[in-house]
Protein chains: 2
Amino acid sequence: MNAFPAALAKAAHGLDIAWDATVPREVRRHIRTGDYRGHTGGLARGYVQANLAILPRDYADEFLRFCQRNPKPCPLLAVSEPGDPRLPGLAEDLDIRTDISSYRVFRDGEYDGDVVNIEDLWQEDFVVFALGCSFSFEEPLVDAGLRLRHWEDGSVCPMFLTDIECAPAGRFRGRMVVSMRPFTPADAIKAVQITSRYPRVHGAPVHLSMPELIGIEDVGRAWQGDDPVLTADEMPVFWACGVTPQVAIRSARPPLAITHTPAHMLVTDRRNASLAVG
Amino acid sequence: MNAFPAALAKAAHGLDIAWDATVPREVRRHIRTGDYRGHTGGLARGYVQANLAILPRDYADEFLRFCQRNPKPCPLLAVSEPGDPRLPGLAEDLDIRTDISSYRVFRDGEYDGDVVNIEDLWQEDFVVFALGCSFSFEEPLVDAGLRLRHWEDGSVCPMFLTDIECAPAGRFRGRMVVSMRPFTPADAIKAVQITSRYPRVHGAPVHLSMPELIGIEDVGRAWQGDDPVLTADEMPVFWACGVTPQVAIRSARPPLAITHTPAHMLVTDRRNASLAVG
């Protein structure tokens with residue numbers, strides 16, 4: 001899920017956090033105890049944050065194949081054993097039922113409210129999926145000197161529903177959602193180079209310039225997030241977005257499915273730099 | 001120097017070459033003896049071909065600094081010892097005075113004709129520069145399944161003089177020349193990824209889309225090479241071009257300077273794949 005670390009960090013700091021929000025284990029502990037219910041952008045900088053999807057086993061195999069066939073919008077970081085709420089590859093102490101600051105519940109594919117933990121909703125046939133998130137590639141972009149509009153003005157990164165059909169798998173299908181960041185051509189080239197090193201967090205852009213070629217009629221009007229402003233020397237650069245699996249879940253209509261609430265990500269102990277290849 | 005391998009290969013084959021033109025040493029031997037005076041595109045596929053610049057020692061140090069400061073248009077593969085016509089790092093048998101099929105002579109920065117060898121022009125203070133050429137990155141683009149318009153229609157890759165000023169060094173200065181290849185956005189992203197692996201042969205593009213931002217008023221009219229045709233779903237992608245040093249040599253006005261004639265490259269024993277990084 002794309003979000004807005006500058007604004008979020010401000011929001012987080014505005015909460016007057018008295019504990020060390022740079023340590024992922026501390027972030028999880030304060031979320032688990034109910035001390036912290038906010039956004040995770042700007043927290044535990046340098047560490048991987050992940051998109052969350054929880055599905056009943058009957059749907060999980062199909063969703064796993066959907067992710068395998070659509071690695072750019074659905075880059076799989078970890079999958080749990082059925083019924084197991086832990087993902088020890090991402091953090092040893094992690095309990096997925098309590099460690100997200102806000103969960104989103106879907107029943108029969110329809111949104112059914114947000115909750116602060118899922119202990120009561122947990123099922124023995126649940127499978128947990130953690131998917132890479134653009135936070136991880138935005139950090140090296142900024143470290144390389146590129147400027148991210150939504151970090152600077154505290155807006156929400158704009159997202160668009162494209163006409164690019166994902167490869168279907170069983171009941172999971174749908175069009176790809178993309179996030180958009182404006183760059184000058186020279187910076188767009190650098191952004192391709194840098195994000196290509198992070199295939200496990202969406203990787204290289206899927207498209208740049210000419211938004212009409214992927215079904216975006218007005219790049220000034222976001223489908224989700226804030227409407228972007230592009231200057232005359234900038235082009236829109238589009239990355240596959242972690243909202244795509246939510247579109248596929250709506251299409252598959254499982255009786256119960258749970259994701260994170262946008263910007264309330266799973267905070268892990270993996271370092272972003274550990275995901276780099278090449 | 002950008003050229004047009006499809007057309008050149010045809011031209012070469014049209015010459016009914018009886019020897020093995022896939023072996024760089026054979027190509028050089030037949031050029032050296034005067035058997036072959038044609039283009040080198042399509043010959044010795046898989047091996048590095050290079051741009052050539054030969055300058056008097058009094059200018060060579062400044063040109064070396066010019067290359068160091070402008071590695072994208074002037075990626076240095078090899079520099080000779082002063083007065084030494086060999087570049088053993090590129091080919092053990094190489095004699096730069098005889099092994100190019102056509103040389104271009106500049107006196108006081110002005111074009112003064114093409115010659116088939118430079119034994120009579122050779123000076124004891126000459127320094128030889130071999131610079132990377134786009135042939136080396138076009139091959140992996142095609143191997144990756146991308147289509148190069150100028151390969152397919154046998155045209156000359158279009159070049160443009162930009163308003164991008166190179167970093168000057170002594171008497172060498174001038175604007176950057178770029179070559180242009182049209183791609184769909186998805187292929188443009190792949191082309192950035194692939195050519196980024198070849199920094200010693202111009203590397204990643206310097207610009208894409210919006211040609212007016214680098215001083216190109218009409219991308220349909222080439223400064224050198226053939227006028228390009230872009231389809232509605234293509235954008236222009238621009239790479240720094242090995243013609244740039246010739247612009248800088250014209251500006252520096254050395255009493256005598258020698259380059260290769262366009263498309264008559266230095267054929268080396270280095271493999272293109274050996275230049276890849278990452």
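His260(A) counts as buried, because its relative accessibility is 1% and the cut-off for buried is under 20%. The model is predicted. Chain A has 278 residues, and 57% of them count as buried.

**His260(A) and its surroundings**

- His260(A) sits in strand β10 of chain A, which spans residues 257-260.
- The side chain of His260(A) has a polar contact with the side chain of Asn51(A), at 3.4 Å.
- A polar atom of the His260(A) side chain also lies 3.1 Å from the backbone nitrogen of Leu52(A).

**Fold of chain A**

- Chain A contains seven helices and eleven strands.
- Its radius of gyration is 18 Å, close to the 19 Å from the globule rule for 278 residues, so chain A is as compact as a globular protein of that length.
- Along the principal axes, the C-alpha atoms of chain A fill a box of roughly 55 × 45 × 35 Å.
- Take the contacts in chain A between residues at least 6 apart in sequence: 78% of them join residues at least 24 apart.

**Contact between chain A and chain B: area**

- Chain A brings 18 residues to the contact, and chain B brings 18 residues.
- Three residues of chain A stand out: Ile189(A), Leu208(A) and Met210(A) supply 34% of the area that chain A buries against chain B, more than any other three residues.

**Contact between chain A and chain B: polar pairs and make-up**

- There are zero salt bridges between chain A and chain B.
- Three residue pairs are in polar contact across the two chains, counting pairs with both residues at pLDDT 80 or more.
- On the side of chain A that touches chain B, the elements giving two or more residues are α6 (185-196) and β8 (207-208).
- α6(A) gives the most to that side, with six residues.
- By residue class, the side of chain A that touches chain B divides into twelve nonpolar, four polar and two charged residues.

How values were computed:
Residues numbered from 1 in each chain as written. Chains lettered and ligands numbered in written order. Predicted model: local features only at pLDDT ≥ 70, side-chain atom pairs only at ≥ 80, totals over all residues. Heavy atoms only, no water. Contact = heavy atoms within 4.5 Å. Buried area = accessible area lost by both parts, 1.4 Å probe. Salt bridge = Lys/Arg side-chain N within 4 Å of Asp/Glu carboxyl O. Polar contact = N/O pair within 3.5 Å; in protein donor to acceptor, adjacent residues only side chain to side chain. Helix = DSSP H or I, 4+ residues; strand = E, 2+ residues; numbered from the N terminus. Nonpolar A, V, L, I, M, F, W, Y, C, P; charged D, E, K, R; others polar. Rg over C-alpha atoms; globule rule 2.2 N^0.38 Å. Buried < 20%, exposed > 50% of the residue type's maximum accessible area, 1.4 Å probe, protein only.
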